[in-house]
Amino acid sequence: MTFRIFVFSDSHRSLRNMYAAVDEHKPDLVIHLGDVMRDAEELSCAYPKQAIVMVPGNCDGWVTEPLQKRLEIHGKTLLFSHGHIWRVKSGYGEALAAARTAGADLVMFGHTHLACCTREPDGLWVLNPGCARYSYGVVTITDGEMHCEIVE
């Protein structure tokens, strides 16, 4: 069985690609990494049966949602935040350290608007889906194996 997660970030009121991706592929879970969380809330209203998890970004103002979340899904640990709390515009070191401390298999963040999908030598996946207007991330978990990619 394959579990598919679509990861969006930095939508900044540009919802068209998010709607198109969910319409066409019907993922098992959507994760929105902030900037603008209201976009994820609108997506949730449009697709009430779609599982959606979100974190706020630096442009989301005062919110009560945690700035970082950790999920266990099909035996994999996912750690995610918008990225500003890890200062990712200056490098990914803090994000990688947080992921390793949390025992994560995958760390996800946005904030830079630059899509990135890599795997560290120790097996840690690093995913920045870029700006939702142009790209998003896809995480697949099949038989205990995880793979990440960017869709443009």
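In helix H3 (residues 93-102), the residues Ala95, Leu96, Ala98 and Ala99 are buried, where buried means under 20% relative accessible area, exposed means over 50% and partly exposed lies in between (1.4 Å probe, protein chains only). Helices (H or I, at least four residues) and strands (E, at least two) are DSSP runs, numbered from the N terminus. This is a predicted model, in which local features need pLDDT of at least 70 and side-chain atom pairs count only at pLDDT 80 or more, while totals for chains, interfaces and linings use all residues. Residues are numbered from 1 along each chain as its sequence is written, and side-chain values use heavy atoms, with hydrogens and water left out.

**Helix H3**

- Seen down the axis of H3, the buried residues fall within an arc of 160 degrees, so they line one face of the helix; the arc is that of the directions from the helix axis to the C-beta atoms.
- An α-helix has 3.6 residues a turn, so residues three or four places apart point the same way.
- The exposed residues Gly93 and Thr101 are carried on the face of H3 turned away from its buried side.
- The cover over the buried residues of H3 includes strand S5 (76-81), strand S6 (106-108) and strand S8 (125-128), with contact meaning heavy atoms within 4.5 Å.
- Gly103, which follows H3, has a positive phi, near 70 degrees.

**Aromatic pairs**

- A search of the whole structure finds 5 aromatic pairs; rings of Phe, Tyr and Trp (its six-membered ring) pair if their centres lie within 6.5 Å, and planes under 30 degrees apart count as stacked, over 60 as edge-to-face and the rest as tilted.
- One of them is the tilted pair of Phe6 and Tyr136, at 5.1 Å centre to centre and with 35 degrees between the planes.
- This pair links distant parts of the chain, as Phe6 in strand S1 (residues 2-8) and Tyr136 in strand S9 (residues 136-142) are 130 residues apart.
- Phe6 is buried at a relative accessible area of 2%, and Tyr136 is buried at 10%.
- The rings of Tyr19 and Tyr47 have centres 5.8 Å apart and planes at 45 degrees, so this pair is also tilted.
- Tyr19 is partly exposed, with a relative accessible area of 24%, whereas Tyr47 counts as buried at 18% relative accessibility.
- Ring pairs link Phe6, Phe8 and Tyr136 into a cluster.

**Cysteines**

- The structure holds 0 disulfides, a disulfide being a pair of cysteine sulfur atoms within 2.5 Å.
- Cys116 is in no disulfide, and the nearest cysteine sulfur, that of Cys117, is 7.1 Å away.
- Cys116 is buried, with a relative accessible area of 15%, whereas Cys45 is exposed at 66%.
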